Amino acid sequence: MSVGFENGIVLQGADLQVGEGRARLELTWIVTRPLWVVQNPADDPTIFVHLFTCNGDIAALADGAALGGAYPFRLARAGDEITDVREFALDVSDPAGCYTGETGLFRPADGSRLSATGADGQRLVNDLLPLAP
């Protein structure tokens with residue numbers, strides 16, 4: 001699995017695990033070129049994670065900078081690998097234990113998503129990667 005985002009950020013892996021009222025998502029990002037031109041923190045690409053029950057109810061939202069803001073993408077060098085782990089409680093539980101999700105990158109300044117392209121070179125619908133446990 002490989003999803004390329006504009007600005008040279010690649011999502012190399014996504015592992016979602018859902019248990020009793022909790023979820024864990026491990027995202028592996030690779031920076032292919034430096035983003036030092038991003039000077040304003042409000043322009044730094046930010047990760048969004050949305051989890052849903054299979055009925056479409058929001059179970060959890062986990063938007064925010066990689067590594068809790070400790071290593072923003074704008075500070076990364078070409079070739080850097082960032083493994084971002086998010087653990088969170090589910091706001092809504094599904095009796096059947098059925099969950100789906102989505103992840104991608106957005107600009108906090110205006111909320112717009114960075115364009116995302118799959119390994120086949122096609123732009124992803126809504127510029128996001130669907131997630132499943």
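Visitor: Is Arg74 buried, partly exposed or exposed?
Guide: Let's start with the terms: buried means under 20% relative accessible area, exposed over 50%, and partly exposed in between (1.4 Å probe, protein chains only). This is a predicted model, where local features need pLDDT of at least 70, side-chain atom pairs count only at pLDDT 80 or more, and totals for chains, interfaces and linings use all residues. Residues are numbered from 1 along each chain as its sequence is written, and side-chain values use heavy atoms, with hydrogens and water left out. Arg74 has 21% relative accessibility, so Arg74 counts as partly exposed.

Visitor: Which residue forms a salt bridge with Arg74?
Guide: A salt bridge is a side-chain nitrogen of Lys or Arg within 4 Å of a carboxyl oxygen of Asp or Glu. For Arg74, the closest N and O atoms of the pair are 3.7 Å apart, and the partner is Asp44.

Visitor: Is Asp44 buried or exposed?
Guide: The relative accessible area of Asp44 is 4%. Asp44 is therefore buried.

Visitor: How far apart are the closest N and O atoms of Asp84 and Arg86?
Guide: Both Asp84 and Arg86 are buried. They form a salt bridge, and the closest N and O atoms are separated by 2.5 Å.

Visitor: Which residues are linked with Arg24 in a network of salt bridges?
Guide: Arg24 pairs with Glu26, their closest N and O atoms being 3.4 Å apart. Glu26 is partly exposed because its relative accessibility is 28%. The network links Arg24 with Glu26 and Glu87.

Visitor: How many salt bridges are there by this rule?
Guide: Arg74 with Asp44 is one of the pairs. The count comes to 7.
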